[in-house]
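Colleague: I have a chain open and would like to go through it with you. Can we take it piece by piece?

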Amino acid sequence: MIICSCQAISDKDIHAAIDWMRAADRRAIITPGKIYHALGKSPECGGCMKLFVASMRSNPKLEIPAELRGLRSRTQHKRTRHEGRQESY
Ligand code: FES
């Protein structure tokens, strides 16, 4: 099925790009921009992004590597606990 009509990218192209990127680097963060780049194309109107991302999410290899999960919540937690103020402030 064609996902991006501007660049004639199908769901199979998206899955092939994800599989290729995951095989090359198992820790890679895969984004729509990286998929376009891997396919040698770039988005034009952006009207396909919702469907593009939905197609990406249907690929089981898109999963974020375990060692990179939860990084945001840990850093936010540190920031809220220690804002540079003294406890008595
Ligand atoms: S439909 Fe994908 S960029 Fe236009």
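**A buried arginine and other details**

Modeller: Arg22 is buried (under 20% relative accessible area; exposed is over 50%, partly exposed in between, with a 1.4 Å probe and protein chains only), yet Arg22 has no salt bridge. The nearest side chain of opposite charge is Asp25, 6.2 Å away. A salt bridge here is a side-chain nitrogen of Lys or Arg within 4 Å of a carboxyl oxygen of Asp or Glu. Lys and Arg count as positive and Asp and Glu as negative, while His and the chain ends are not counted.

Colleague: What sort of model is this, and how are the residues numbered?

Modeller: This is a predicted model, where local features need pLDDT of at least 70, side-chain atom pairs count only at pLDDT 80 or more, and totals for chains, interfaces and linings use all residues. Residues are numbered from 1 along each chain as its sequence is written, and side-chain values use heavy atoms, with hydrogens and water left out.

Colleague: Back to Arg22: where is its place?

Modeller: Arg22 is in helix α1, residues 11-24. Helices (H or I, at least four residues) and strands (E, at least two) are DSSP runs, numbered from the N terminus.

Colleague: Which backbone oxygen lies 2.8 Å from a polar atom of the Arg22 side chain?

Modeller: That of Lys61. Setting aside neighbours within four places in sequence, Arg22 is in contact (heavy atoms within 4.5 Å) with several residues, including Ala28, Ile30, Leu62 and Pro65.

Colleague: How many salt bridges does the count come to?

Modeller: One. The side chains of Lys61 and Asp19 meet in it, at 3.8 Å from N to O. Lys61 lies in the loop between α3 and α4 (71-81) and Asp19 in helix α1, so the pair ties together parts that are 42 residues apart in sequence.

Colleague: Why would two such side chains pair?

Modeller: Side chains of opposite charge can pair when their charged atoms come close.

Colleague: And how accessible are Lys61 and Asp19?

Modeller: Lys61 is partly exposed, at 43% relative accessibility. Asp19 is partly exposed too, at 30%.

Colleague: Where is Asn59, and is it buried or exposed?

Modeller: Asn59 is in the loop between α3 and α4. At 6% relative accessibility, Asn59 counts as buried. Its side chain makes a polar contact with the side chain of His15, at 3.1 Å. A polar contact is a pair of N or O atoms within 3.5 Å; within protein, one must be able to donate a hydrogen and the other to accept it, and residues adjacent in sequence count only if both atoms are side-chain atoms. Leaving out neighbours within four places in sequence, Asn59 is in contact with His15, Ile18 and Asp19.

Colleague: New topic. How many aromatic pairs are there?

Modeller: The count comes to one. The rings of Tyr36 and Phe52 have their centres 4.8 Å apart and their planes at 10°, so the pair is stacked. Rings of Phe, Tyr and Trp (its six-membered ring) pair if their centres lie within 6.5 Å; planes under 30 degrees apart count as stacked, over 60 as edge-to-face and the rest as tilted.

Colleague: Which residues of α3 are buried?

Modeller: Phe52, Ser55 and Met56. They cover an arc of only 100° around the axis, which puts them on the same side of α3. That arc is taken from the directions from the helix axis to the C-beta atoms.

Colleague: What covers that side, and what is on the face turned away?

Modeller: The cover over the buried residues of α3 includes β1 (2-4), β2 (9-10), α1 and α2. The face turned away carries the exposed residues Lys50 and Arg57.

Colleague: Last one: what pattern does the chain follow?

Modeller: Along the sequence it reads β-β-α-α-α-α, with four helices and two strands. Buried residues make up 24% of the 89 residues in the chain.
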